[in-house]
Amino acid sequence: MKYRPSRRTRRMAISTAVVLALAGANGPWLYRFSTERYHDYKINKPDYKAANGHWDFLDIPSEYKINTIHAALLHTGKVLLVAGSGNNQKNFDAKSFRSVLWDPKTGGFTNIPTPKDMFCAGHTQLPDGKLLIAGGTKRYEKLKGDVTRAGGLMIVHNEDPDKPITLPAGTRFTGKTNGRTFVTKDPVLVEKATKVFDKNTGAFLRNDPGLGRIYVEAQKSGTKYETGTEDNYRIAGLSGSDTRNVYGIAQKLALDKKDFQGIREAFEFDPVAEKYITVDPMNEARWYPTLTTLKDGKVLALSGLDEIGQIVPGKDEVYDPKTKKWEYTGIIRKFPTYPAVFLLNDGKLFYSGSNAGYGPATVGRAPGVWDLATNKFTKIPGLSDPDRMETSATVRLPPAQDEKFMVIGGGGVGESDKSSKKSRLVDLQDADPKFKDGASLEEGTRYPSASLLPDDSLLVTGGSDDYRGRGGSDILQARLYDAGSDTYKRVADPAVGRNYHSGSVLLPDGRVMIFGSDSLYSDKANTRPGVFEQRIEIYTPPYLYRDARPELTAGPKKVKRGATAMFTTNSAATIKSAKLMRPSAVTHVTDTDQRSVALDLKKTDGGISVTVPKNRALVPSGWYMLFVTDDTGTPSEGTWVEVP
């Protein structure tokens, strides 16, 4: 029988002929058109997806599009997306604060009433499955040139050892030498002085004054109200001995840039009720803080800019989920903002050196292991590109038991154009741990997103070579990292560049959501202001393009540490491994929650049994996704399990 081409084949042949006929007159345009068509065809081929995975845009109705700064996976399977004011001062001035809940199962979205500006807050998963969010924005920064009134930090001294004093908002400070007057907008508590005695004789030596820190501003606009040097300041409205005991000292008060200011407010987000619940505020206001879960389930709050735009001076504090209260640790240790601090198997903390920017270039930036009980900090040497750790990502490689960490990329302090392509590795179970270089990225990468996958690989994607994507420097690449061989494999490229204010979250079905990006400019010439990226992409890894995946059909919802649990499955014969993965709570590519804990696995009749490690510091109380993988490395969907 003679072959007759189908109508569709004939149409395609005619279209091809037309395209070829137009080639002479429209070569460059046609080349681009045909190249894009071929690329689209190539990345959608089944064999390409099976080798490289695939990216898709999340369909977000316009009323739910926000400037996502923070994201957390909840034990309901939904994802909380938080913008607050979304790095948009118009939203801040209008008190328009946004949060949206997305359900990956149904594709549905819900707007969540947001009580405060949680822009640049800290967050972490709590033992009962709620999400703790603390800090945020009190005031937006003012760049030099936009500041009309001189101002800055006033240190208030109280030399009275018998009583503290509170100065109300509107208190006036007048310089004894310069004669200029500055005013507070907020009240300030100044602690009483501390009596100091000789350790040997017991004799009284002196009173160390109590201190209070407050932002002050000139009463009038103009450069003539600036000060150039340190001065002592008299405080209006005092009487009696307070006029002698209480005074201010300030350095330069000028029209310089004024940084963001933080808030004390804290909230728990209830995934079941789907609402924010107000809890006790922190003792310190914090903007850009890190919240790290401790062995006992309490939460440590670190760093951040305070209510006057200064780095919190090392006053770390702890939140107790049972009492809903905060208490100072009594320990003073300074870090730059959003320090990457992780809980280790012995209850100590590891600081990788990763951070998000604010803070002195020479204070609190060296990596090390921190014993919170004694405040002893043991530095870890060997870190390459140590001056390029801002905006780097740190990941605890699987299994979490091994305490191996990787620090990826990063950049120079502040708006530096320096960036690093290094991946630094450290094994904290070595007797004398040192960083060493692992596989490198192709180019310097600030803001890389890194998500652990249930097959023990690591997705590293996005970032930019320069500060906030300056000069069109976004990196449209994704890689899978294999810790066993210390190699990166290039996979399908994302369609959207991601830099500042971006992050990624592993979903229960094994896909990865990547969000955000806040470019400084929208063109390579750096002439047009950037626009916040509201599109969200979903990466489907290669393992989801295989014929089948294992499935857990039934099992307990709660498993104690040290206990063994039975799960039924029709795939028992092929299942090779099991793990608990803690859900992410990520912002500014900082995610100290994610970890993958290997479980002891045995086959049973009609199923498997898994045993959870006994170590509370390795497996902090809370909700986890239980994944099993088969002999091809294909993972199941995550099954939610609570570890009380």
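**Close-up views of a predicted model**

**Figure 1. Pairing of strands E23 and E24.** Strand E23, covering residues 299-302, and strand E24, covering residues 315-320, run antiparallel and are joined by three bridges. Within this pairing, Ala 301 has Glu 317 of E24 as its bridge partner. The coordinates shown here and in the following views belong to a predicted model.

**Figure 2. The four-stranded open sheet with antiparallel pairing.** The strands follow one another in the order E22-E23-E24-E25. Strand E22 (290-293) and strand E25 (325-332) form the edges, each of them pairing on one side only. On average, and with direction ignored, neighbouring strands of this sheet are turned by 30° against each other.

Figure 3. A polar atom of the Thr 337 side chain lies 2.9 Å from the backbone nitrogen of Tyr 358. Leaving aside residues up to four places away in sequence, Thr 337 touches a set of residues that includes Trp 287, Tyr 288, Ser 303, Gly 304, Leu 305 and Ile 311, as well as Asn 355, Ala 356, Gly 357 and Tyr 358.

**Figure 4. The protein chain as the setting of these views.** The secondary structure of the protein chain comprises five helices and 49 strands, and its C-alpha trace spans about 115 × 70 × 45 Å along the principal axes. Of the 644 residues, 54% count as buried, while the accessible surface comes to about 28600 Å², 50% of which belongs to carbon and sulfur atoms.

Technical notes. Residues numbered from 1 in each chain as written. Predicted model: local features only at pLDDT ≥ 70, side-chain atom pairs only at ≥ 80, totals over all residues. Heavy atoms only, no water. Pairing = 2+ DSSP bridges. Helix = DSSP H or I, 4+ residues; strand = E, 2+ residues; numbered from the N terminus. Axes fitted to C-alpha atoms, helices over the stretch in contact; angles between N-to-C directions. Polar contact = N/O pair within 3.5 Å; in protein donor to acceptor, adjacent residues only side chain to side chain. Contact = heavy atoms within 4.5 Å. Buried < 20%, exposed > 50% of the residue type's maximum accessible area, 1.4 Å probe, protein only. Areas by Shrake-Rupley, 256 points an atom, 1.4 Å probe, with all protein chains shown as cover.
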